[in-house]
Amino acid sequence: MKPFIKSFLTIIFLSILVISCKKDEKQLIYEKGINPVLTTDNTGTVSLAKVNSANDALTLFWTNPEYVLNTGISSQGVSYNIEMRKHGDNSYVSFAVVNSGLQKTFNQGDINGFLTKDLPSGGLNVPSDKPVVVDIRVTSFLGSQTALNATNLSSAPFTVTFDKPYNIDPDLWVVGDATTAGWTNTPPASQKLAYDRASKTFSITMALSGGSSIEGFKFLTTSGAWQPQWGVPNTSVSPGTLGTFALAVNPGNASDPNAIKVPSNGTYTLVVDLINKKVTISQ
C-alpha cells in the first residue's frame, strides 16, 4: 500500500502546483492609449520631379501613444501605419508601416510611386502632371493591425499638396522613315505610345508611310538612346502587311532588329506588347 499512497500523494501535489501556477498567471488586457499627434517638417507645397526622385520630400513625426495594459505601461513594440487618401475621400490607403521609432523620411520617388500607382496595386491612382491634395494620418497599433484591433489609435489628419506627380509608366516611341520625324532617337511627343496599365500594352494611331522606298519603323524605350531597340527579328522578313507579328529587341549588346513596314501610306493603329514580344498593326 505504501507505493500506492506515495503515488497518490504525488498526483495531488502536482495538481495543486498546476492550479497555483494558473492563479499566478496574469492575462494582459489593453486598457487605454493616447491618439498619436502627427506633424511634418514641410506643411507647404511639396514638389515632385523625376530627376529628384532620390531627394527627401517629407519627414513625418508622431508622438508615442503611451499604451497602458493592466500590468502598467506597455513595454511591447508599437507599430505605426502611415496612411494617405485624396483629400475628401472616405477611405485611407496604407502607405508604409514603421515598426519602431517616432519619425520617418520619404523621398520624392517613394511619394510619387505611391500617388501614381493604381488602386489594385496599393496606390492612390492620381493623375500625373497636375497638383494633388492629400490627407495624411498615422495609426498606431500593438500586434498585427486589423480593422478590429482594439489598440488602433489614429491621429488627426493634416493636408499636404504635392505639386505635379510625374508619370512612372514605361515609355515607348515609334521612330523611322515611315514616320514624320524620320530616323531620330529623340522623337517628338506625337510619336510616343500611350500605355494601358490594365493590359500592360502600348498603343498609338498615326500616319505612316509605306512603299518599297521606305525602310519602315522601330520602337525605342529610352528617348535619346538607340537601345533598347525593338523591331522584327533579323531572321524574318519585315511584314509589310496588317496583322500580329513577333518582335525582337537589341537591349544594347546585340544586333539591331529589322524595321517594320506597312503596306502603303495611311493611318494605322499599332498595339505593342513588350512582355509577350508582339505588335499588332491595323487600319
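**Exercise 1.** Does Thr139 count as buried or exposed in this predicted model?

*Solution.* 
1. Locate the residue: Thr139 lies in strand β10.
2. Take its relative accessibility, which is 2%.
3. Apply the cut-off: buried means under 20%.
4. Thr139 therefore counts as buried, at 2%.

**Exercise 2.** Find the side chains that make polar contacts with the side chain of Thr139.

*Solution.* 
1. Start with Glu83: its side chain and that of Thr139 form a polar contact of 2.6 Å.
2. Go on to Ser154, whose side chain pairs with Thr139 at 2.7 Å.
3. Check the wider surroundings. Neighbours within four places in sequence are left aside; Thr139 then touches Ser79, Tyr80, Asn81, Glu83, Gln145, Asn152, Leu153 and Ser154.

**Exercise 3.** Describe the largest nonpolar core and the element that gives the most to it.

*Solution.* 
1. Count the members: this core has 32 residues.
2. List those with the most contacts inside it: Leu60, Ile82, Ile111, Leu115, Ile136 and Phe162.
3. Pick the top contributor: β10 gives the most, with five residues.
4. Inspect Ile82. Beyond four places in sequence, its contacts include Leu60, Trp62, Phe95, Phe106 and Ile136.
5. Note a second, separate core of 22 residues, with Met206, Phe219, Val232 and Ile260 among them.

**Exercise 4.** Summarise the whole protein.

*Solution.* 
1. Secondary structure: two helices and 21 strands.
2. Burial: 37% of the 283 residues count as buried.

Conventions: Residues numbered from 1 in each chain as written. Predicted model: local features only at pLDDT ≥ 70, side-chain atom pairs only at ≥ 80, totals over all residues. Heavy atoms only, no water. Core = buried A, V, L, I, M, F, W, Y, C linked by side-chain atoms within 4.5 Å. Buried < 20%, exposed > 50% of the residue type's maximum accessible area, 1.4 Å probe, protein only. Helix = DSSP H or I, 4+ residues; strand = E, 2+ residues; numbered from the N terminus. Contact = heavy atoms within 4.5 Å. Polar contact = N/O pair within 3.5 Å; in protein donor to acceptor, adjacent residues only side chain to side chain.
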